[in-house]
Amino acid sequence: FTVGDTISSTVDHCHLPRITTMVVGSSNPPLQVVLGSRASSDSSATQCAAESSAIRSNSTAYILGTSAYPRLGSGLKLKIDGRVPMEDRKAPLSQFRPKSLLLSTFRVVAINISSTLSTYFSDQLTSEQDNEKLVDDGEITPYEADEMNEEWESREWQKRMDILPKKIGYALLRFHACTALMRFYELIIGRYILCVDGNARLESGSIPGRDNSTYEHSVDVMDKLTRDPFQASLRTSQILHNQEHSPGKVLSSDGKETSTSSELYKQMYTTCLLANIIPFLAELTVQHGVLLYGYGVYYMEKKRRRKEREMSNNDDDEQCKDEQDETEPVDETAYALSILFRSSHLTFSRGVSLIAASVGGAVGSVIYPGWGAIFGIQIGDTSVGALLD
């Protein structure tokens, strides 16, 4: 940089990182090079709108590769919301940090306890209705119905409380397995498919035949796959409200006037759909692993029992044994077809859940940006799971 260059510091608020820029030269528009940090500020939304608008209208901000964002090379543009590309991407073992581990454990425990209680009360209501029907038919007396209800409550409550710790343990193991697979898939995609990770890939020019625009596109794709729906909902809602040219009206990406809610739904649906591809793929992998493990245990147990039966047979049972051997290929064929059917059903179910979760996240963002997106994704996923699983 030459003498006379000016240095300025701008802050992008509304949950966005502080952006420190260096304005180089006196060209119009001037070139801004980002030096900044992840520090946040509590300034007002009005200041956020004014400063963000000023940044976007006066110049284009570029990233200077620093230790704060080691995955990125130089020459990359900031996102329209002031976000560094791939900023939402989590570290490989971030789920084991104390805060994240505590929150995830609390979430898994709360979900399993609430699920167990809701199932218990639903089954209890069904049992009481069945007993009342028996009373109406005259098969039992009201006193006997009360005793049967009390017996059911004590038996089922104890049984479900006994298996609850194991259920929570399996749920925690499954959660961390899914999270580990997510980080593994992100590593594979980032390092070997999109080539945005690794020391040899920090600079786009280090890859022969690859220009800067291709590298920027790869970073943009990786950024969309690793977005945080919670933060994306807040940022997108804030940006659209800042871009309103009249109350509740904005210009869509194709230049047509539309409502802010419709544009927010449209953008958040795409965001949630792309951001949930890797998590749903990881969960689908874990579910397939559980499915194959269950079938494998069943097959080995069945094979062991058949072998024990054959060893216990006498010489007079040769004809029976031959008949069992003839039916063995049919059993294995049916076994393989059953696995294929269950696997196809599971894949279809998770695909529909991905779409329903994206719709739920978009609707939730319109209702209440941030937490609305999270609850919408969960509701969409669990609703399809309850219908198809």
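I started from the rule that helices are DSSP runs of H or I, at least four residues in length, numbered from the N terminus. I also kept in mind that this is a predicted model.

**Entry on H7.** With that rule I looked up helix H7, which covers residues 277–312 and holds both Glu301 and Arg304, 3 residues apart, about one turn of the helix. The two form a salt bridge, and their closest N and O atoms are 2.4 Å apart. Glu301 is partly exposed at 29% relative accessible area, and Arg304 is partly exposed too, at 39%.

**Entry on the network.** Next I followed shared partners: salt bridges join Asp123, Arg155, Glu156, Lys159 and Arg160 into one network. Inside it I checked Arg160 and Glu156, whose closest N and O atoms are 3.3 Å apart. They sit 4 residues apart in helix H3, so about one helical turn separates them. My count of salt bridges for the model came to 16.

I found another pair in H3, Arg183 and Glu186, 3 residues apart. Their salt bridge has its closest N and O atoms 3.3 Å apart, and both residues are buried.

**Entry on the shape of H3.** I noted that H3 bends by about 35° at Leu164, with Pro165 following within four residues. After H3 comes Cys195, with a positive phi near 60°.

**Entry on surface charge.** Last, I looked at a surface patch of negative charge made by Glu144, Asp146, Glu147, Glu150 and Glu151. Of these I checked Glu150, which lies in H3 and is exposed at 54%.

Technical notes. Residues numbered from 1 in each chain as written. Predicted model: local features only at pLDDT ≥ 70, side-chain atom pairs only at ≥ 80, totals over all residues. Heavy atoms only, no water. Patch = residues over 30% accessible without salt bridge, like charges linked within 9 Å, V, L, I, M, F, W, Y side chains within 5 Å. Areas by Shrake-Rupley, 256 points an atom, 1.4 Å probe, with all protein chains shown as cover. Salt bridge = Lys/Arg side-chain N within 4 Å of Asp/Glu carboxyl O. Lys, Arg positive; Asp, Glu negative; His and termini not counted. Charge placed at Lys NZ, Arg CZ, Asp CG, Glu CD. Helix = DSSP H or I, 4+ residues; strand = E, 2+ residues; numbered from the N terminus. Buried < 20%, exposed > 50% of the residue type's maximum accessible area, 1.4 Å probe, protein only. Bend = angle between axes of the 7 residues up to and from the residue.
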